[in-house]
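Thanks for coming. I will go through one model this morning, chain by chain, and then stop for comments.

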Amino acid sequence: MVYPWIEQTGCCELVLKSLSSSVVNWEQVGVVRKAERPEEANLLVIGGWINPEQAQNLKDVYDRMLKEKLVIAVGSCALSAAAFANDENCVAAKDILPVHYFVPGCPPRWDDILKGISAISKIGMQNKTVRDILNDSGNDHVF
Amino acid sequence: MSIVKRPDIKSSWYVTSIVKGMALTFRNMIYNLFHKDEMPTVNYPEEKYEYGPRFKGSHILTVKKDGSIRCTACMLCATNCPADCISITAAEHDNPEVEKFPISYEIDTLRCVYCGFCEEACPVDAVRMGPEWQQPGLNGSSFVHDIQHLTRRPNLKGGYTSILDEEERHNSGI
Amino acid sequence: MLKCTVNGKEIEVAEGTMVIEAFKQAGEDIAHYCWHPGLSVAGVCRLCMIEVEGAPRLMIACNTQVTEGMVVSNNSAKVQEAVKWGLDFHLINHPLDCPICDQAGECGLQDQYMKFGQYDPEMAERKVKKRKVVDLGRKIVLDTERCILCSRCVRFTDEVTKTSELGIFNRGDRSEIGTHEDKPLDNDYAVNVVDICPVGALTSKDFRFKQRVWYLDNDSTVCNGCSTGCNVNVYYNEKGYFRVKPEHNKDINDYWMCDKGRNIFKHVNKESRLLKAMKKTEAGTQMMAPGAAAKDVASLVKNYSSEQVAFVFTGQYTNEEYDDAMMYVDKIGTKNVFHWVNNPESFDDFDGILLRGDKNPNTAGLIKALEAKSFNATWEQLEADLNSGKIKLLVLAGPELQEYFPDIQEKIQLFSKAEKLVVLSSNPNPAYRDVDYLIPMKTFVEKKGSFTNFAGTVQKIQKMRLVVSQALSLNEAMQLMAGDELQVGANL
């Protein structure tokens, strides 16, 4: 059961926004409702490029979130700065926060993002560790 | 100075709008009840959205007819890659007609932007982007794919054969 | 001087100049394969076609001498057509190997095709298949299929090395270059044929498939393999140093270099380098930062009187380093400064082309620096002092190219007679196992400076990519050992 707080930029913003449309049934993947403030969120979804200013902002948001919290990074820019890796104005999410789930793609399919959220939401529901989920999931999403 | 025009009694009468809106909602609801297959909502984990077979997803390295890797390690894909996610190490092949082949070919999927430039740059149809999805995973799982994974992962069912064949090419005298 | 007009530009050239050289002088593009400025004229590729005013037919620029008032051009449609067809004939049997070929990126055929060709081939016949990957000794691989028979390599072995191993065999479209019965091409200058090959027919085994050439940067420097001081280009990228090619210098090495000089980048790469300073203690070997180790040595130097400290130099450092080093030796106040000559027997050898017996790039510079401070201690004196125990602390500025110092083991044993032995070296060596201090040094591609060659010519070397950032140059190490602090930005 997760209350996601979504930080989105660039092209991944479009994909993440399309998730909010009627096409997807959020309750099915364990999202109760989207958090209105970071203080009531326990899942941080980071999509799109992150510049240094935003990195600071993300750290603030992460600190304000609930005590037990998880992070999903969506899209190549957030994962590793991809094509902008040589540019100091783009930083990778894994360099600034502990990221629990990676969704590669540019932009990723919404299915993949939901796969991530559902995998993560099980942690919220059953108080399990990341490693437990990894074992439970039958290695469907892990190579 | 501007003159504020107060709304007249007619426009503050909003019940008609509510009725109109509710009518739309109920019309769609009743329509969806009787035409379930046209409903756009996907119940994600149970139902999956069907993508076209031409989707450009995970990378595939093709093989020759004899099953050896098609790639000649020319590094054009690595040169063309905007995200620097491909790293190749070339080596000398025993067969002088093959001459050069990759002993390691790694794609870092965390960096890859799935632009398809590698596929476009490849002169020998060695790297393709298949219809499979990108693979999300938990932190700690492997995102750097090696030759074994790129050519013979279970989903490929034995690997893709390249349309370009060395022997045919040699026989036709190119 | 003769006046002539090249593509509308009026220039003056020396008498006896070929038209192709006049084109180069005027800065005009001209297609060519077989002509090489360091070799004789063959005139076999027929690509350097020019139109001479007054002459009815096209001529080849490489074999036509400039005459007074000559008007030549190569930008007319007639010449372009001739070059285009010439190129098409060259490409008839040339395989489409570019993805595999090591020459791709610096290939003459690729360049000319992009400049003058860009057409679909009109040849309907099948390509003639020849032998691929022919092993020519331990340095070179030959691909006869890619060869366009420009005969540069054949002329090189005939004219420069005068060994005549290579030749053209068979006739017509079956003709191919090769050595008799595929005997190895193993003379001391063999790899030069790889450089002058305009296509990928001859490739160096050392560089083969290591990197694509477009990933490499290059900088010119001076070869530190011997006292000739050939000008070379070193090719490197962020993964390391990959190869060395000669650079033209009319007075020293012309267009060539020896094969031994092609190995000078190998000791530079990180896997063969000394990364941390080592200090031998009772508990074992202690790793430390190079600067800290040098400061440690400084406290040792203070413990001994200046008479008990000795320095041994090899001729592998730059002039600037020697000058500074001598200054700090003066500051320490010792007169015990020695010059380690690695091979006194073959010191004056010369093979007639480039290779010299003195395997240090800067022996002349060291001798000059020693003379300037009038340090004239002899090697016998060092041996006597070590045996009598007069020298307690010995600092060795060790060689960078250790393969040219075969007696390193014996010499280190001799030096170990001193109480404390400090070795400054860029690379580890089994002989250094028992020295008290081992301090990593920079190699010749990591510092600026100059080398003085055998004839007294001073040539600059360039700083390229740092491999071991902590390593010290000789003057920094000497400065620290003399008890001074390093200033930021003052290092070479």
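Chain A has a mean pLDDT of 80, and 85% of its residues reach 70 or more; pLDDT is the predictor's confidence in each residue, from 0 to 100. This is a predicted model, in which local features need pLDDT of at least 70, side-chain atom pairs count only at pLDDT 80 or more, and totals for chains, interfaces and linings use all residues. Residues are numbered from 1 along each chain as its sequence is written, while chains are lettered from A and ligands numbered from 1 in the order in which they are written.

Helices here are DSSP runs (H or I, at least four residues), as are strands (E, at least two), numbered from the N terminus. Over residues 137-143 of chain A, pLDDT stays under 50, and the model has 15 contacts beyond four places in sequence for that stretch. A contact means that the C-beta atoms of two residues, placed from the backbone, lie within 7 Å. Where pLDDT is low, the predicted coordinates should not be read in detail.

Now the layout of chain A. There are six helices and four strands, and along the sequence they follow the pattern β-α-β-α-β-α-α-β-α-α. Among contacts between residues at least 6 apart in sequence in chain A, 78% join residues at least 24 apart. Of the 143 residues of chain A, 49% count as buried. A residue is buried if 20 or more other C-beta atoms lie within 10 Å of its own, exposed if 12 or fewer, and partly exposed in between, with C-beta atoms placed from the backbone.

One example is A:Ile6, in strand S1 (residues 4-8) of chain A. Why does A:Ile6 count as buried? Because 20 other C-beta atoms lie within 10 Å. Leaving aside residues up to four places away in sequence, A:Ile6 touches A:Leu16 and A:Val45. Its C-alpha atom is separated by 8.4 Å from that of A:Lys34, 28 residues apart along the chain.

On to the cores. A nonpolar core is a set of buried Ala, Val, Leu, Ile, Met, Phe, Trp, Tyr and Cys residues joined through C-beta atoms within 7 Å. The largest has 81 residues, and those with the most contacts inside it are A:Leu43, A:Ile46, A:Ile72, A:Ala73 and A:Val74. Helix H5 (residues 110-126) of chain A gives the most to this core, six residues. A second, separate core has 80 residues, including C:Val19 and C:Cys34. Among the residues that A:Leu43 touches are A:Trp5, A:Leu70 and A:Ile120, not counting those up to four places away in sequence.

One backbone point in chain A: the peptide bond from A:Cys106 to A:Pro107 is cis, with omega near -10 degrees. A:Pro107 is in the loop between S4 and H5 of chain A.

Next, the interfaces. In chain A, 33 residues are in contact with 28 residues of chain B. H5(A) supplies the largest share of the chain A side, six residues. By class, that side has 19 nonpolar, 10 polar and four charged residues. Ala, Val, Leu, Ile, Met, Phe, Trp, Tyr, Cys and Pro count as nonpolar, Asp, Glu, Lys and Arg as charged, and the others, Gly among them, as polar. Chain C puts 11 residues in contact with 16 residues of chain B, and the chain C side has six nonpolar, no polar and five charged residues.

Last, chain C itself. Helix H6 (residues 290-303) and helix H11 (residues 474-481) of chain C pack at about 45 degrees, with their axes 7 Å apart. Axes are lines fitted to C-alpha atoms, for helices over the stretch in contact, and angles run from 0 to 180 degrees between N-to-C directions. H6(C) is therefore oblique to H11(C); angles under 35 degrees count as roughly parallel, over 145 as roughly antiparallel, 65 to 115 as roughly perpendicular and the rest as oblique. Residues in the contact of H6(C) with H11(C) divide into seven nonpolar, one polar and one charged.

Helix H7 (residues 319-332) of chain C packs on H11(C) at about 10 degrees, with axes 8 Å apart, so the two are roughly parallel. The contact of H7(C) with H11(C) has four nonpolar, two polar and two charged residues.

Finally, C:Leu149 has a positive phi of about 60 degrees although it is not a glycine, and it is buried. Comments, please.
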